[in-house]
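Here are my notes for your first read-through. Keep the sequence and the 3D view open side by side while you go through the points.

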Amino acid sequence: MIKVNKYLSVGETAEMLGVSVPTIRRWQKSGKIQESYRTLGNHRRFSINSIRVLLGINFERKIVGYARVSSHDQKGKGSAYLPILTKLRIEQELSDQV
């Protein structure tokens, strides 16, 4: 199981991509994947973002708000919920950034 952190070792990167460790090293030397930094022991570390770029994956999220009225009498009053939904969306975006 791969730990969810910002940087991965060569082995964790290889496991995530389903390739061998020498393949990751070869890709790094050829410029296909960029290492983020090296540890004091000279071990490569790769960011999750560099793997996303390699795979062409865009992890941007879109937040969708949905409000439903429960009776015919409430129909047309959906705009009253807009400030509440906006506040919840802002709170969600802020919590995602932490």
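1. Let's start with a term. A nonpolar core is a set of buried Ala, Val, Leu, Ile, Met, Phe, Trp, Tyr and Cys residues joined through side-chain atoms within 4.5 Å. Buried means under 20% relative accessible area, exposed means over 50%, and partly exposed is in between (1.4 Å probe, protein chains only). Here the largest nonpolar core has nine residues: L8, V10, A14, L17, I24, W27, I33, F46 and I51. Helices α1 and α2 (21–30) each supply at least two residues of this core, and α1 gives the most, with three residues. As background, nonpolar side chains in soluble globular proteins tend to be buried together.

2. A word on where this comes from. The model is predicted, so local features need pLDDT of at least 70 and side-chain atom pairs count only at pLDDT 80 or more, while totals for chains, interfaces and linings use all residues. Residues are numbered from 1 along each chain as its sequence is written, and side-chain values use heavy atoms, with hydrogens and water left out.

3. Now the overall layout. The chain has four helices and three strands, and along the sequence they follow the pattern β-α-α-β-β-α-α. Helices (H or I, at least four residues) and strands (E, at least two) are DSSP runs, numbered from the N terminus. Of the 98 residues, 17% count as buried. The accessible surface comes to about 8,000 Å², and 54% of that belongs to carbon and sulfur atoms; such areas come from the Shrake-Rupley method with a 1.4 Å probe, and for residues only the protein chains shown count as cover.

4. Contact is the next word to learn: heavy atoms within 4.5 Å. Take the contacts between residues at least 6 apart in sequence: 39% of them join residues at least 24 apart.

5. Have a look at α1. Its buried residues are V10, E12, T13, A14 and L17. What do they pack against? The buried residues of α1 pack against β1 (7–8), α2, β3 and α3 (48–55). M16 also lies in α1, which covers residues 10–17, but M16 is partly exposed, at 38% relative accessible area. M16 and I51 are 35 residues apart in sequence, yet their C-alpha atoms are 9.1 Å apart in space. After the helix comes G18, with a positive phi near 75°.

6. How do α1 and α2 cross? Their axes come within 8 Å and cross at roughly 100°. The two helices are therefore roughly perpendicular to each other. For the labels, angles under 35 degrees count as roughly parallel, over 145 as roughly antiparallel, 65 to 115 as roughly perpendicular and the rest as oblique. The contact is made by V10, G11, T13, A14 and L17 of α1 and V21, I24, R25 and W27 of α2. The axes themselves are lines fitted to C-alpha atoms, for helices over the stretch in contact, and angles run from 0 to 180 degrees between N-to-C directions.

7. Stay with α2 for a moment. T23 lies in this helix and is buried, at 13% relative accessibility. The side chains of T23 and S20 are joined by a polar contact of 2.9 Å. (A polar contact is a pair of N or O atoms within 3.5 Å; within protein, one must be able to donate a hydrogen and the other to accept it, and residues adjacent in sequence count only if both atoms are side-chain atoms.) As for W27, leaving aside neighbours within four places in sequence, W27 is in contact with L17, V19, K32, I33 and L54.

8. Next, β3. A polar contact of 3.0 Å links the side chains of R44 and Q28. Beyond four places in sequence, the residues that R44 contacts include L8, E35 and Y37. Not counting residues up to four places away, S47 touches K6, Y7 and S36.

9. One backbone detail to check: N42, in the loop between β2 (37–38) and β3, has a positive phi of about 70° although N42 is not a glycine.
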